Amino acid sequence: MTAVAETRLADSVTEFLASPKQLLIGGEWVPAASGRTFTTEDPATSRVLTEVAHGAAEDIDRAVAAARKAFDDGPWRRFTPSQRQRVIWQIGEKLLERAEQFAQLESLDNGKSAAIAQAVDVPWSADVFHYYAGWATKIEGRTIPVSVPWVPDGQFHAYTLREPVGVCGQIVPWNFPLLMATWKIAPALAAGNTVVLKPAEQTPLTALLLGEIIQELDLPPGVVNIVPGFGDAGAAIAAHEDVDKVAFTGSTEVGKLIVAAAGGDLKKVSLELGGKSPQVIYADADLELAIAGSSAAWMFNQGQSCVAGSRMFIEESIFDEFTQGVAEHVKQAKIGPGLDPASQICPLVSQEQLDRVSGYVQQGLSDGARAVTGGNRHGDVGYFIEPTVLVDVAPEMSVVREEIFGPVVVATPFDPERGAKAEANDTPYGLAAGVWTRDISKAHRLAREIKAGTVWVNCYNAFDSALPFGGYKQSGWGRELGEKALDLYTEHKSINVQL
């Protein structure tokens, strides 16, 4: 498994990796205050890619100060909505112009397929910037007819304003590094906020390349600051008294720590957290479509997705046929490095993640589950694992209850008379779900009954920038994407004038 020879790296990628990787603070590329750096590596080969400045609490202080100055005193507050619209749109255009560079860097840093990154991650990131560019001119207040009972003859002119929150600390994960940064930066800028972004320590490169694009445009210094670092940098953002809002995507466990840290000054918090998403497959489904679609639901991005459809509930009359069909389907997936266009299963992001996923599989087998296929590491170079289908599982098993974040699915039969609603909802999470059936009435009924922020019917991962996304229960607070995301980045002000 040689890795990088599969597709020739673009010259722009080689040049980027060879250049210093610093922090973007106040419109300047600067080293970490400590002078420290950390390495980032290619998950397909374990080979070090480059050194990155190691941001910490002192660097967060500098970045927040720059963002505060840009928000309070800089020209950013004087940008008209159409000026914001233009510069946000330009970011999307620049992403498309450099799509190959972004896709290859995302593959090298995260392990994912460069072909998929160039077909999905980069164009969708550009689309998010284009979508929110349009919203910059449409964030409106209202006039409201009011009656003040104790001033019966009074006349009033009352109206509302939607104003930017201020300095937004944004902490993004390693599974979709560019997309998650985009989901947060674009609506924040559309509303007129300033940003301090902390990318995950495993995958800082495309965020830094995005910073290069921003430096080429007319964004004033300090509007977007990018500080790669570890958990201590994220904790410094959450607790910082001059940060007005924190947006976090990551695990539920860390999300709870973010809430605790942010509670000191009751800053606004939005969270997109974990999931253990159910898929319900009825006997009347188009089985060929359902086998391929439900498999992609948990194999996409090597299962490293918060919405992975990792719990299958299959009508008992087709259980054996369907699970065998899924096993045969995933066995055919080519495992290989992300720079190989033919690869369908690429490496997990790190040795730590490989150990985590392997540990869950072994625990499931020890608890009595049976692997219809998979269950083993693939090769001895890089962080590859076989796609794994587990049956004979019980509700109390960790493989059923906990988010694995790898290409692993558990399958359980259900009685059609009893239905699958209770089993689907038997989880502390509520991020997404899938329903596979030809009976559209049945699909609508179950979609209403499942406690999840997104339910896909006869498809999965069918996202759109205009559709709000977020979770019930311990899957998070608030909604990203769509118009609803603007609620996370604006304050509503009421003004009442007696005439």
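So, buried here means under 20% relative accessible area, with exposed over 50% and partly exposed in between, using a 1.4 Å probe and protein chains only. By that cut-off Phe414, at 1% relative accessibility, counts as buried, and Tyr282 does too, at 9%.

Quick housekeeping. This is a predicted model, where local features need pLDDT of at least 70 and side-chain atom pairs count only at pLDDT 80 or more, while totals for chains, interfaces and linings use all residues. Residues are numbered from 1 along each chain as its sequence is written, and side-chain values use heavy atoms, with hydrogens and water left out.

Okay, aromatics. Rings of Phe, Tyr and Trp (its six-membered ring) pair if their centres lie within 6.5 Å; planes under 30 degrees apart are stacked, over 60 edge-to-face, and the rest tilted. Searching the whole structure turns up 13 aromatic pairs. Take Trp124 and Trp183: their ring centres are 5.5 Å apart and the planes sit at 70 degrees, so that's edge-to-face. Trp124 is in helix 5 and Trp183 in helix 6, 59 residues apart; helices are DSSP runs of H or I, at least four residues, strands are E runs of at least two, and both are numbered from the N terminus. Both Trp residues are buried. They also belong to one aromatic cluster with Trp456, Tyr460, Phe463 and Phe469.

Back to Tyr282. Tyr282 and Phe414 pair edge-to-face, 5.6 Å centre to centre with 90 degrees between the planes. Tyr282 is in the loop between strand 11 and helix 10, and Phe414 is in strand 15, so the pair ties together parts 132 residues apart in sequence.

And what sits over the ring of Tyr282? The charged end of Lys442, 4.3 Å from the ring centre. The criterion is NZ of Lys or CZ of Arg within 6 Å of the ring centre and within 35 degrees of the ring normal.
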